[in-house]
Amino acid sequence: MVFSSLVFISIFLPVVLLIYRIMPSNTGKNGLLLIVSLLFYAYGEPVYVLLMIASAFFNYVAALWTCKDTTRRKSVLIAAVVMNLALLCIFKYAAFLAETINGITGLSLPVPQVALPVGISFLRFRQCLM
């Protein structure tokens with residue numbers, strides 16, 4: 001589903017806005033937005049929803065850990081950034097790196113054919129900034 005599709009404009013958006021306006025608390029509204037965001041993403045890329053949830057959970061725990069444990073703050077932050085960049089490299093640049101290494105060295109490393117999750121760059125950099 002894309003933002004300009006009839007399903008989004010005529011069904012998804014009006015239903016979400018109506019439920020959002022009815023919700024009494026900000027906690028409920030935030031929970032609703034989280035759930036419908038996952039549903040929206042799952043409509044187009046159901047395979048990677050669990051990866052997105054796990055990544056967001058990891059970043060959330062890392063952020064909590066940096067707030068509570070001031071002695072390991074820098075190492076936790078570095079680990080979180082490395083994990084986000086590793087995910088980005090795996091999905092976006094693994095094939096490019098394998099082809100480049102094969103071309104330079106003459107090796108025949110297998111070139112991974114990984115489907116690129118929708119919005120992976122945006123999600124990685126957005127979670128790194130939060």
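## Contacts and overall fold

Among the contacts in the chain with a separation of 6 or more, 51% are between residues 24 or more positions apart, where contact means heavy atoms within 4.5 Å. This is a predicted model, in which local features need pLDDT of at least 70 and side-chain atom pairs count only at pLDDT 80 or more, while totals for chains, interfaces and linings use all residues. Residues are numbered from 1 along each chain as its sequence is written, and side-chain values use heavy atoms, with hydrogens and water left out.

The chain has five helices and zero strands; helices (H or I, at least four residues) and strands (E, at least two) are DSSP runs, numbered from the N terminus.

## Helices H2 and H3

Helix H2 (residues 26–44) packs against helix H3 (residues 49–68) at an angle of about 145°, and their axes are 9 Å apart. Here the axes are lines fitted to C-alpha atoms, for helices over the stretch in contact, and angles run from 0 to 180 degrees between N-to-C directions. On the H2 side Leu38, Tyr41 and Ala42 take part, and they meet Val49, Met52 and Ile53 of H3.

## Two residues compared with the cut-offs

Phe8 lies in helix H1 (residues 6–22), and it counts as buried because its relative accessibility is 9%. Buried means under 20% relative accessible area, exposed over 50%, and partly exposed in between (1.4 Å probe, protein chains only). The C-alpha atoms of Phe8 and Phe40 are separated by 8.9 Å, although these residues are 32 residues apart along the chain.

Ile101, in helix H4 (residues 73–105), has 38% relative accessibility and therefore counts as partly exposed.
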